[in-house]
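I opened the file to look up a few residues, then the helix packing and the core. My entries follow in the order I made them.

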Amino acid sequence: NHTLLTEFVLSGFSSHPELQHLLFFTICLVYTMTLAGNLLICMVTVHPTLHTPMYFFLCVLSFLDISTASVVVPKMLVNLLSEDRSISYLGCVTQLYCVVFLAATEWYLLAAMAYDRYVAVCHPLRYSAVMSPRACLSLVLLSCCSGKVVSVVQTAWVFSLSFCGPRRIDYFFCDIPPLVTLACADTSRYEKQLVSATALVIFTPFCLILLSYTCIISSILKISSADSRHKTFSTCSSHLTVVTLYCASGTLIYLQPKSSNSQDAKKILALIYTTVIPTLNPLIYSLRNKEVKEVLIRVM
């Protein structure tokens, strides 16, 4: 009695029809700010005065933020104004793969950025040799390869499940938790594996980041000049802010028990993760960084 599933339906925020137009204009504005802010960061970081590893990683992070928002938001905007909210089976597979790939890659990239700050603060005399252009490119490629492995495994596992029941996804994009709920087989084993994989993807880079900043703070406290301590810490505070935002939102979305949050709350958290945080990153890095602000003013 099983039928071949050719498409899903993304219900999105259809349970609140009175908010559809308000959500459309709000999300459209946020998406525009995401594109403008991150493209501006990419333009600024290619300035000759900012040809350093930190700004190279920042440029890659901005590119990933643009990609994350672009994978999710355009389809969501169309669905907010359309009665037809369907997405093809292949389209859902592609969207899930891209979302997981970009999220995992960003996490590993944040760990690489923390390592860059560790070398800059704790081993300044060796910084140029350790963080050479080749080493920076290798760290970015390693982050991408790690993200690809995570994405391929998770996507393959999700779509190896049988979807013989309803095809309506109570979400605004194809993500792992809402897709698993549509499976007609026992998914308890897979849900445990998902929690383990998410913990591995989030907490392995987080532990590396924590270790790096433990060493950084220890070195900062040894600096005698208060101005030097403040300047050194200010270069790291932007990165710490971004890590905190990603860690908090990712943990609340993927590591919370089913009963702890309503579906609407999970949608809001996912909306923040995919649209709001990519918008905040350029603001965090530009407003708290004197060099970026100077180049930004010069460019504009």
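**Entry 1: Ser188**

I looked up Ser188 and found it partly exposed, at a relative accessible area of 34%. My terms here: buried is under 20% relative accessible area, exposed is over 50%, and partly exposed lies in between, with a 1.4 Å probe and protein chains only. This is a predicted model, in which local features need pLDDT of at least 70 and side-chain atom pairs count only at pLDDT 80 or more, while totals for chains, interfaces and linings use all residues. Residues are numbered from 1 along each chain as its sequence is written, and side-chain values use heavy atoms, with hydrogens and water left out.

Ser188 belongs to helix H7 (residues 188-221). I take helices (H or I, at least four residues) and strands (E, at least two) as DSSP runs, numbered from the N terminus. I also checked Ser188 against His239: the two are 51 residues apart along the chain, and their C-alpha atoms are separated by 36 Å.

Thr68 sits in helix H2 and is buried, with a relative accessible area of 9%. Apart from neighbours within four places in sequence, I find Thr68 in contact (heavy atoms within 4.5 Å) with Leu102, Glu106 and Thr274.

Leu109 lies in helix H3 and counts as buried at 1% relative accessibility. With neighbours within four places in sequence left aside, the contacts of Leu109 are Phe57, Val60, Leu61, Leu64, Val140 and Ser143. I compared Leu109 with Leu210 as well: they are 101 residues apart in sequence and 14 Å apart in space, C-alpha to C-alpha.

**Entry 2: helix pairs**

I started with H2 (residues 53-81) and H3, whose axes come within 10 Å and cross at roughly 160°. H2 is therefore roughly antiparallel to H3. Axes are lines fitted to C-alpha atoms, for helices over the stretch in contact, and angles run from 0 to 180 degrees between N-to-C directions. Angles under 35 degrees count as roughly parallel, over 145 as roughly antiparallel, 65 to 115 as roughly perpendicular and the rest as oblique. The H2 and H3 crossing is left-handed; I call a crossing left-handed if the near helix is turned anticlockwise from the far one by less than a right angle, and right-handed if clockwise. Sorted by class, this contact holds 16 nonpolar, four polar and five charged residues. The classes are Ala, Val, Leu, Ile, Met, Phe, Trp, Tyr, Cys and Pro as nonpolar, Asp, Glu, Lys and Arg as charged, and the others, Gly among them, as polar.

Next I took H3 with helix H5 (residues 133-158): the axes come within 7 Å and cross at roughly 145°. That crossing is right-handed. The residues in the contact of H3 with H5 are 16 nonpolar, seven polar and one charged.

Leu40, Ile41 and Val44 of H1 meet Val292, Val295 and Leu296 of H10. The class count for this contact is six nonpolar, no polar and no charged residues.

**Entry 3: the core**

Which residues have the most contacts inside the largest nonpolar core? They are Phe8, Ile169 and Leu179, in a core of 85 residues. Helix H3 (residues 89-122) supplies the largest share, 16 residues. I define such a core as a set of buried Ala, Val, Leu, Ile, Met, Phe, Trp, Tyr and Cys residues joined through side-chain atoms within 4.5 Å. Beyond neighbours within four places in sequence, Leu179 touches Phe8, Cys92, Leu96, Val158, Phe159, Phe163, Ile169 and Cys174.
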